[in-house]
Amino acid sequence: MTADHRRLRVALLGAGAVGSQVAALLLQHGDELADRAGATLDLVGIAVRDVDAPRDADLPRDLLTTDADELIVSADIVIELMGGIEPAKTQLLQAINAGADVVTANKALLATHGPELFEAADRVGAEVYYEAAAAGAIPIIRPLRDSLAGDRVRRIMGIVNGTTNYILDRMDLEGAEFADVLAEAQALGYAEADPTADVEGFDAAQKAAILASLAFHTAVPLDAVHREGITSIDKGMIETARRAGFVIKLLAVCERLTDPENGVESISVRVYPALVSREHPLASVHGANNAVFVEAEAAGDLMFYGAGAGGVQTASAVLGDVVSAARRHIAGGVGVGESTHANLPLAPVGHVVTRYQITLEVDDRPGVLAIVAGLLSDGGVSIATVEQTVHGGGVAHLVIGTHRAQEQNLSDTVDRLAASDVVERVVSVLRVEGD
Ligand code: NDP
Ligand code: HSE
């Protein structure tokens with residue numbers, strides 16, 4: 001240690017995959033962190049449910065306690081790594097009201113009760129830091145909040161869920177089926193025993209709400225995020241995408257929309273499996289990695305890439321926040337709070353304009369293509385490409401690529417296609433993103 005530092009009391013709530021690594025790194029690198037923070041960070045205790053449970057890191061037994069309240073009242077910085085809504089929310093509010101700065105990786109809590117925490121922090125002059133809450137180890141909260149504060153973000157496309165990227169990547173690389181790869185992801189510990197939050201897009205939607213709020217200076221409630229998961233993606237859809245030059249990725253898309261008639265801006269926040277050109281940088285994000293592709297008006301295209309999860313990786317982002325919180329505690333200044341001054345309206349998914357790929361099974365007889373083309377034309381959807389393959393049995397497989405169309409028109413048109421006598425089955429409808 002190079003200086004005689006002031007001492008700050010740090011309380012940690014949770015010592016699971018992330019918390020145990022945060023505690024271990026705080027204890028191992030205390031001197032270095034003190035020099036960077038300008039304060040000695042005294043880890044005064046770690047609240048857990050069961051002090052005797054096995055831990056991923058070797059932690060001093062006397063730091064573990066089941067009494068979180070006692071730790072919180074005397075802490076300068078409280079790190080919450082328990083997850084879930086309660087007791088995390090109550091304890092963070094308690095910490096803020098007692099004057100502590102707080103650090104959390106809890107995307108579920110921020111996406112649902114973020115405004116309440118930020119308001120409480122504003123009232124008492126405390127700060128909420130949450131770099132690890134979206135895309136794990138990848139620095140993306142500070143870049144959006146600080147580095148891009150002088151720019152206007154037009155669109156964010158994020159691969160923000162490692163489990164689903166791992167599954168889709170394996171399906172793409174090996175032609176594997178969804179259920180088989182999911183079982184493998186669970187065995188490897190990427191997916192939870194109950195993988196619903198990942199595969200149904202809930203986890204990505206929480207991260208999308210957090211990213212969009214920062215990028216567009218607008219509070220984005222979780223229920224305003226359109227969400228679709230990846231459970232309907234099968235090997236056939238992956239193969240069809242490949243033939244057309246695409247890969248399927250679960251994307252969190254946060255976009256500034258401008259009404260062409262009156263220039264009024266709104267934002268769209270959506271999570272769904274989408275087709276991404278194999279030329280796009282996001283197509284090369286493999287395995288359980290995450291990436292956030294940001295399109296800003298002045299900066300142009302930026303991509304932030306790395307580990308979106310993992311105990312020690314996520315601990316890196318948490319500790320960065322702890323150092324920032326400590327510096328602020330000593331020197332003052334603002335942290336990574338909420339900025340909602342723009343307060344843009346949230347557009348329903350029906351307002352989104354993008355390209356689509358529609359895959360149909362149709363009767364293989366004269367005039368069918370003309371009927372399908374007519375229905376698309378009536379719906380204001382313009383065809384860009386058509387691929388037809390015949391598999392016998394009087395059924396043809398049609399893969400139609402559209403020009404840009406409004407989602408509402410497209411969806412009404414697909415309903416009419418589904419109801420048409422010549423269409424046996426709508427196999428899939430996928431949006432094309434990133435072009
Ligand atoms: P874990 O489930 O591994 O650990 C949770 C910890 O919190 C455990 O130590 C548990 O105690 C403790 N805990 C839970 N409830 C209580 C309670 N009521 N009182 C006291 N302690 C409690 O979670 P993770 O470490 O995986 O995740 C922590 C946070 O980080 C979550 O918000 C998660 O979304 C986020 N995150 C996680 C990532 C990851 O890769 N794991 C990546 C990015 C963010 P005990 O051990 O005794 O059961
Ligand atoms: N379940 C998440 C994922 C963990 O797969 O990315 C990180 O939030």
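In this predicted model, ligand 2 sits in the largest pocket, where a molecule counts as sitting in a cavity or pocket if more than half of its atoms lie within 2 Å of its grid points. The model being predicted, local features need pLDDT of at least 70 and side-chain atom pairs count only at pLDDT 80 or more, whereas totals for chains, interfaces and linings use all residues. Residues are numbered from 1 along each chain as its sequence is written, chains are lettered from A and ligands numbered from 1 in the order in which they are written, and side-chain values use heavy atoms, with hydrogens and water left out.

**Ligand 2**

Helix 7 (162-174) and helix 10 (202-216) are the elements that give two or more residues to the shell around ligand 2; helices (H or I, at least four residues) and strands (E, at least two) are DSSP runs numbered from the N terminus. The shell consists of K107, N161, G162, T163, D198, D203, K207, G308 and A309, a residue being near a molecule or strand if one of its heavy atoms lies within 4 Å of it. Sorted by class, these residues are one nonpolar, four polar and four charged, with Ala, Val, Leu, Ile, Met, Phe, Trp, Tyr, Cys and Pro counted as nonpolar, Asp, Glu, Lys and Arg as charged, and the others, Gly among them, as polar.

The table sets out polar contacts of both ligands, a polar contact being a pair of N or O atoms within 3.5 Å; within protein, one must be able to donate a hydrogen and the other to accept it, and residues adjacent in sequence count only if both atoms are side-chain atoms.

| Residue and part | Ligand atom | Distance |
|---|---|---|
| N161, side chain | oxygen of ligand 2 | 3.4 Å |
| G16, backbone | oxygen of ligand 1 | 3.1 Å |
| V18, backbone | oxygen of ligand 1 | 2.9 Å |
| R55, side chain | oxygen of ligand 1 | 2.6 Å |
| T163, side chain | oxygen of ligand 2 | 2.7 Å |
| K207, side chain | oxygen of ligand 2 | 2.7 Å |

Ligand 2, taken alone, exposes 260 Å², and the protein buries 83% of that; accessible areas come from the Shrake-Rupley method with a 1.4 Å probe, and for residues only the protein chains shown count as cover.

Ligand 1 has 21 residues around it, of which A15, V18, D50, R55 and G310 come nearest. Its shell divides into 11 nonpolar, six polar and four charged residues. An oxygen atom of ligand 1 lies 2.6 Å from a polar side-chain atom of R55, and, of the 910 Å² that ligand 1 exposes when taken alone, the protein buries 76%.

The space taken by ligand 1 is the largest pocket. On a 1 Å grid over the protein atoms alone, a pocket is an open set with protein on both sides within 12 Å along at least five of seven lines, a cavity is a set of points where a 1.4 Å probe fits but cannot get out, and lining residues have an atom within 4 Å of a point. The largest pocket holds about 1,100 Å³ of space, where grid points are joined across faces, edges and corners and a volume is the space filled by probe spheres set on the points. Its lining has 40 residues, and V18, K107, E192, A309 and G310 are the closest to its centre. Helix 5 (107-124), helix 7, helix 9 (196-199), helix 10 and helix 12 (311-331) each supply at least two residues of this lining, which by class has 16 nonpolar, 17 polar and seven charged residues.

**Enclosed space**

A search of the whole structure finds one cavity of 30 Å³ or more, and the largest cavity has a volume of about 40 Å³. Its lining is made up of R155, E255, V353, T354, R404, V432, E433, G434 and D435, with at least two residues supplied by each of strand 13 (353-363) and strand 17 (423-433). By class, that lining has two nonpolar, two polar and five charged residues.

**Backbone geometry**

E86 and P87 are joined by a cis peptide bond with omega of about 10°, and P87 lies in the loop between strand 4 (77-80) and helix 4 (88-97). H217, although not a glycine, has a positive phi of about 50°, and is placed in the loop between helix 10 and strand 8 (226-227). N343, also a residue other than glycine, has a positive phi near 50°, and its place is in the loop between helix 12 and strand 13.
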